[in-house]
Amino acid sequence: MMKIDKIFIDMADELNLGGIIASVEPVLGGYMHKMYSLETTGGKYAVKLLNPAVMTRPDIFDNYKIAEDLERKLQNADIPIVPALEFGGKKMQYIDGQYFYVFEWVDGAATESKKVTEAHCEIIGAIVAKIHKVEQTETPSKGFTIDIDWDCFIELSKEKCPEITGLLTDNRELLYATQQDGNAALKGLSNLSCICHMDMDVKNVLWVGGLPKIIDLECLWYENPHLNLFQLTLDWCGYMHNDVDFGLLRVFMNAYIREYGEIGADWEMLYNSNLGIFMWLEYNTKRALGIECKDEEERQLGINMVKYSIERLIYYNSIKHDLLRELNTL
């Protein structure tokens with residue numbers, strides 16, 4: 001007889017999904033939340049259990065509400081997304097002390113970062129441009145700055161997580177230089193703002209018969225389109241495995257420009273403003289130190305992500321000259 005956690009039984013019952021007919025299986029890929037496949041008499045679903053530690057943040061529900069509203073706008077604009085299902089007029093659900101989303105199951109798969117082709121970049125570059133054109137506004141700068149006390153983290157790690165002490169200490173200069181350059185660059189970004197998927201990397205696009213389905217829409221937000229383009233181009237062109245392919249980069253950028261129009265970007269400013277992996281490192285440092293996690297499994301994931309993120313920062317710093325030279329020829 002199948003052993004199924006109570007939350008899935010209650011979920012299927014309360015949301016009228018039907019009787020569960022197969023084992024509830026974890027779905028690999030998520031680094032922050034946990035995904036499961038749920039097969040019932042009513043169909044097959046993907047369930048995202050939201051990280052309890054994340055849900056304690058004071059602004060989290062407002063942020064998710066904004067993302068849900070943006071998701072509806074992309075759906076209305078015929079962007080190929082996999083939206084969360086609504087029950088009782090709500091996307092986010094809460095049962096047995098757990099917040100979660102339910103999605104229709106998509107029988108597709110993400111490509112591997114090392115297997116991205118020019119065809120992938122051609123398609124995704126154009127879709128990013130279409131997303132950026134859905135809604136644009138001029139938003140006054142909020143003067144956002146980053147002020148991370150890496151020395152404090154280093155001291156805490158000596159007692160709470162010696163596994164990362166050496167990594168943080170050895171790269172202290174790089175961490176503070178990245179933070180300083182990033183804060184200076186952020187002040188120079190234009191006030192142009194649009195709908196952006198802040199994590200539309202290779203793992204968050206499923207391919208079905210050669211066509212994309214975009215997932216992880218909780219990461220929708222208003223952002224500067226040039227910065228979002230810069231980040232996503234790198235993610236699709238090899239940065240995920242520390243091997244940027246400039247041929248793929250040209251295809252992605254040119255596909256975007258054909259759909260969006262000329263962008264007139266300051267590439268060095270965008271390079272220094274690209275702090276996604278830097279902020280991911282901060283979050284995972286907190287997880288490794290037991291600050292942003294609820295259990296040992298998640299703490300270990302944080303340790304692994306600290307190692308991965310620092311590796312990425314070192315590589316990113318090493319390609320600055322060649323990357324900017326290539327971008328300035330577009």
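**Rings, charges and strands**

Tutor: Let us begin with a charge and a ring: Lys 44 lies over the face of Trp 105, at 4.3 Å from the ring centre. This is a predicted model, in which local features need pLDDT of at least 70 and side-chain atom pairs pLDDT 80 or more, while totals for chains, interfaces and linings use all residues. Residues are numbered from 1 along each chain as its sequence is written, and side-chain values use heavy atoms, without hydrogens and water.

Student: What makes Arg 312 sit over the ring of Tyr 239?

Tutor: A charge counts as over a ring if NZ of Lys or CZ of Arg is within 6 Å of the ring centre and within 35 degrees of the ring normal. The charged end of Arg 312 is 4.1 Å from the centre of the Tyr 239 ring.

Student: Why is the pair of Phe 8 and Tyr 36 called edge-to-face?

Tutor: Rings of Phe, Tyr and Trp (its six-membered ring) pair if their centres lie within 6.5 Å, and planes under 30 degrees apart count as stacked, over 60 as edge-to-face and the rest as tilted. Here the centres are 5.2 Å apart and the planes are at 65°, so the pair of Phe 8 and Tyr 36 is edge-to-face.

Student: What makes β2 largely enclosed?

Tutor: 5 of the 7 residues of β2 are buried, so the rest of the structure largely encloses this strand.

Key:
Buried means under 20% relative accessible area, exposed over 50%, partly exposed in between (1.4 Å probe, protein chains only). Helices (H or I, at least four residues) and strands (E, at least two) are DSSP runs, numbered from the N terminus.
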